[in-house]
Amino acid sequence: MTTCTEKHHENHPHRHGEGCGHTAVKHDGHVDYLHDGHLHHMHGDHVDEHVIAVSDANPDHCTPEVTCGHVHGPGCGHEAVPHGDHVDYLVDGRLHHPHGDHCDDHGPLETV
């Protein structure tokens, strides 16, 4: 399980939990919440920022055969998800990363 991160929001005014309005995702054996391009995890009196690690399940490689039908980016209608050192977009339970004229498929992300 992921431990407390150095990067956190001490004065985060929103308490994440069931029914809070943010998309809940399974991550490293717990639930995190997608919030304004961040992956938040409630931890006592603060919110830790988590990142989906690059792994066999969520690789960071080019998949030119994947097409999305539109360009991902801020305001595209899909939620931003921090993945490794970049940002992906959650599309039908999959992490998509814009790359030239296609989207790379960076694997599944389960919502709860």
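H83 has H86 of strand β7 as its bridge partner. Strands β6 and β7 (residues 86-91) are paired antiparallel over five bridges; strands are DSSP runs of E with at least two residues, numbered from the N terminus, and two strands pair if DSSP finds at least two bridges between them. The model is predicted: local features need pLDDT of at least 70, side-chain atom pairs count only at pLDDT 80 or more, and totals for chains, interfaces and linings use all residues. Residues are numbered from 1 along each chain as its sequence is written, and side-chain values use heavy atoms, with hydrogens and water left out.

**Sheet**

- Four strands form an open sheet in the order β6-β7-β8-β9, with antiparallel pairing.
- The edges are β6 (79-83) and β9, each with a single partner strand, so one side of each has no neighbour in the sheet.
- From one strand to the next the twist averages 40°, where axes are lines fitted to C-alpha atoms and angles run from 0 to 180 degrees between N-to-C directions.

**Salt bridges**

- Side chains of opposite charge can pair when their charged atoms come close.
- The count is two salt bridges, each defined as a side-chain nitrogen of Lys or Arg within 4 Å of a carboxyl oxygen of Asp or Glu.
- D105 and R94 form a salt bridge through their side chains, at 3.1 Å from N to O.
- D105 is in strand β9 and R94 in strand β8 (residues 94-99), so this pair ties together parts 11 residues apart in sequence.
- D105 counts as buried at 17% relative accessibility, whereas R94 is partly exposed at 33%; buried means under 20% relative accessible area, exposed over 50%, and partly exposed in between, with a 1.4 Å probe and protein chains only.
- K26 and E110 also form a salt bridge, at 3.5 Å from N to O.
- K26 lies in strand β2 (residues 24-27) and E110 in the segment after β9 (102-108), so the pair links distant parts of the chain, 84 residues apart.
- K26 is partly exposed at 44% relative accessibility, and E110 is partly exposed at 47%.

**Nonpolar core**

- The largest nonpolar core has eight residues: V25, L34, L39, I52, V81, L90, L95 and L109.
- Such a core is a set of buried Ala, Val, Leu, Ile, Met, Phe, Trp, Tyr and Cys residues joined through side-chain atoms within 4.5 Å.
- Apart from neighbours within four places in sequence, L34 is in contact (heavy atoms within 4.5 Å) with H22, T23, V25, L39, E79, A80, V81 and L90.
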